[in-house]
Amino acid sequence: VRDYGGHASIEMLRAAASAYWHQGADSLYLFNYDCHGPFPLRGDKRQALVEIADPKLLLYKNKHYFITKDVDRLLPSEGGDKQLPFLLEKAGDAQRFDFVVGDDLAEAEAIGMLKAVRLRVTVKEHDPKTQQVQIRLNDQEPGLPQVNANVLVFGYASARQGANHVDVSLDGPDGKGAPPLRIEGIELLIEYSGQ
């Protein structure tokens, strides 16, 4: 996760574990989890280890889902073995990115525990004057983004438990051509009340 902050946060570990449990994992094995930092484990590292062992302990805890990037930052066309990074080369190009969410967001919302679900998309050298980027989560527009440099954050993200997909397409102004757009990151951040 070096391109998503350098190390796996407790929210990232919760999200990964939740997705694996939802997909039917029988157990989780963490290779070299304890080899960095002080021993015995303490703080967030210890808390994460306890929480991810039990799907019930993960309920209504903040999570940070993300689409994995190639460790060498190679595009799929360059031999990269992950969905990201990805290059939309010209106007009209589009790509779908898949990920799994373990959280039952509908239930959490129904009982008032869900505070926010945000979709964050990071692109490289985005120029809104020459590139019109359309993003859809599960075939729905997530509203207008807050734009901070090359990061687009959508406050209304229609994620759901199970399989999800993000579609990203590129166009130019008034249907004209557009320079290439490199998609560097796609994240889903879930916040619960009381966290």
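Ground rules before we start. This is a predicted model, where local features need pLDDT of at least 70, side-chain atom pairs count only at pLDDT 80 or more, and totals for chains, interfaces and linings use all residues. Residues are numbered from 1 along each chain as its sequence is written, and side-chain values use heavy atoms, with hydrogens and water left out.

Let's begin with helix H1. Helices here are DSSP runs of H or I with at least four residues, strands are runs of E with at least two, and both are numbered from the N terminus. H1 has 13 residues. From first C-alpha to last, H1 reaches 18 Å, close to the 18 Å expected at 1.5 Å a residue. That expected span is 1.5 Å times one less than the number of residues.

Which residues of H1 are buried? Among them are Ile-10, Leu-13, Ala-17 and Trp-21. Buried means under 20% relative accessible area, exposed over 50%, and partly exposed in between, with a 1.4 Å probe and protein chains only. The buried residues of H1 pack against helices H2 (43–52) and H3 (55–58), and against strands S1 and S3 (94–101). Just after H1, Gly-24 takes a positive phi of about 100°.

Take Ile-10. Ile-10 counts as buried because its relative accessibility is 6%. Not counting residues up to four places away in sequence, Ile-10 touches Asp-44, Gln-47, Ala-48 and Glu-51. Contact means heavy atoms within 4.5 Å. Asp-44 lies 34 residues from Ile-10 along the chain, yet their C-alpha atoms are separated by 6.1 Å.

Now a lysine. Lys-63 sits in strand S1, residues 63–66. Is Lys-63 buried or exposed? Lys-63 has 2% relative accessibility, so Lys-63 counts as buried. Its side chain reaches two backbone oxygens: Leu-58 at 2.7 Å and Lys-61 at 2.9 Å. Leaving aside neighbours within four places in sequence, Lys-63 is in contact with residues including Glu-11, Arg-14, Ser-18, Asp-103 and Tyr-192.

Last stop, strand S8, residues 162–171. S8 is mostly covered, with seven of its ten residues buried. S8 pairs with S3 in the antiparallel sense, over eight bridges. Two strands pair if DSSP finds at least two bridges between them. Phe-99 has Asn-164 in S8 as its bridge partner. Strand S5, residues 132–137, also runs antiparallel to S8, joined by six bridges. There, Leu-137 has Val-166 in S8 as its bridge partner.

Note on methods. A polar contact is a pair of N or O atoms within 3.5 Å; within protein, one must be able to donate a hydrogen and the other to accept it, and residues adjacent in sequence count only if both atoms are side-chain atoms.
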